[in-house]
Number of protein chains: 2
Amino acid sequence: MTAIFSDEYFMQMALNEARIAYDKGEIPVGAVIVSADNRILAKSHNLTELLNDVTAHAEIQAISAAANFLGSKYLKNCTLFVTLEPCQMCAGALYWSQITRIVYGAEDPKRGFKTMGGQIHPKTQINGGILKEKCSSLIKSFFEKKR
Amino acid sequence: MTAIFSDEYFMQMALNEARIAYDKGEIPVGAVIVSADNRILAKSHNLTELLNDVTAHAEIQAISAAANFLGSKYLKNCTLFVTLEPCQMCAGALYWSQITRIVYGAEDPKRGFKTMGGQIHPKTQINGGILKEKCSSLIKSFFEKKR
């Protein structure tokens, strides 16, 4: 069983968001932003196809929503959980937000920020690989269905 | 005199947007997206302070607005004019948009994508330095006033 408020607990919530994206025909990536006292500040999923907007990644929406909720553009003492390693655009947005921690699921060796060369803020901790098999198999299954 | 539809002509339009940002107390950066037949698809300026949102850079807003106007997330045959070298977030968004051309004014040696390590799409042409003195002196004057 998954312990409440563990990284796996919140990543499972992000995976639920990714499944909503899957059902809408979107590349299945989901995100959740959580405060230090374990409040959910934002939940989102990729909507680039439905919105015709390359900026509508799960992370960008979650950052905007959490900042709006907090009334502050800095996401201090917050953690982002996202099912896929952020791209350089999202890494850049997370950089500006000075978010305290980033936890991602699957690696993205093609378009992830580590490959593309983006940077996260020196104040930000980052951990990858949480529920990575579940996160990556959802994406694989999406692209297999597309073929 | 500035020739109509030249790079300087559209950069002057982006500078007018930057001045609107300046008057709102925002770091003065402006952007314009133009189609191949010289139609203005989007005009925008930085709104990160007013919107409490680190993603509200001029470029991100212009990309979303132009894609919404075109009904396509790909900005093919479009040119972005922006008064400051894009950051890694905006370079990432421009990468995904596959925009045909990027024209920027002043360099950003601290937070520009060339320093931070971001990439633009191999299909995208990029030119810097158009009206760079005007673009950078507006930003300098903003920070001098702040002190």
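Reader: Which residue stands opposite A:Ile33 in β2(A)?

Author: A:Ala42 stands opposite A:Ile33, and A:Ser44 stands opposite A:Ala31 in the strand β2(A). The model is a predicted one, in which local features need pLDDT of at least 70 and side-chain atom pairs count only at pLDDT 80 or more, while totals for chains, interfaces and linings use all residues; side-chain values use heavy atoms, with hydrogens and water left out. Residues are numbered from 1 along each chain as its sequence is written, and chains are lettered from A and ligands numbered from 1 in the order in which they are written.

Reader: What makes β1(A) and β2(A) a pair?

Author: Strands here are DSSP runs (E, at least two residues), and helices are likewise runs (H or I, at least four), numbered from the N terminus. Two strands pair if DSSP finds at least two bridges between them. Strand β1 (residues 30-35) of chain A has five bridges to β2(A), in the antiparallel sense, so the two count as a pair. In their hairpin four residues lie between the strands, and A:Asn38 there takes a positive phi near 65°.

Reader: Why are β2 and β5 of chain A called edge strands?

Author: The open sheet of chain A has five strands in the order β2-β1-β3-β4-β5, with mixed pairing. Strands β2 (40-45) and β5 (125-127) of chain A each pair on one side only, and are the edge strands. The twist from one strand to the next averages 15°.

Reader: How do you know that β4(B) and β5(B) pair?

Author: Three bridges join strand β4 (residues 101-106) of chain B to β5(B), and at least two are required, so these parallel strands pair. B:Val103 stands opposite B:Asn127 in β5(B).

Reader: What does helix α5 of chain A touch, and what angle does its direction make with β4(A)?

Author: Helix α5 (residues 132-146) of chain A packs on the sheet and touches β3 (78-84) and β4 (101-106) of chain A (contact means heavy atoms within 4.5 Å). Its direction makes about 60° with that of β4(A), where axes are lines fitted to C-alpha atoms, for helices over the stretch in contact, and angles run from 0 to 180 degrees between N-to-C directions.

Reader: How many residues does each chain bring to the contact, and what is the buried area?

Author: Chain A and chain B each bring 29 residues. About 2,500 Å² is buried between them, of which carbon and sulfur atoms give 57%; buried area is the accessible area (1.4 Å probe) that two parts lose on being put together, summed over both. A:Val54, A:Lys73 and A:Trp96 supply 27% of the area that chain A buries against chain B, more than any other three residues.
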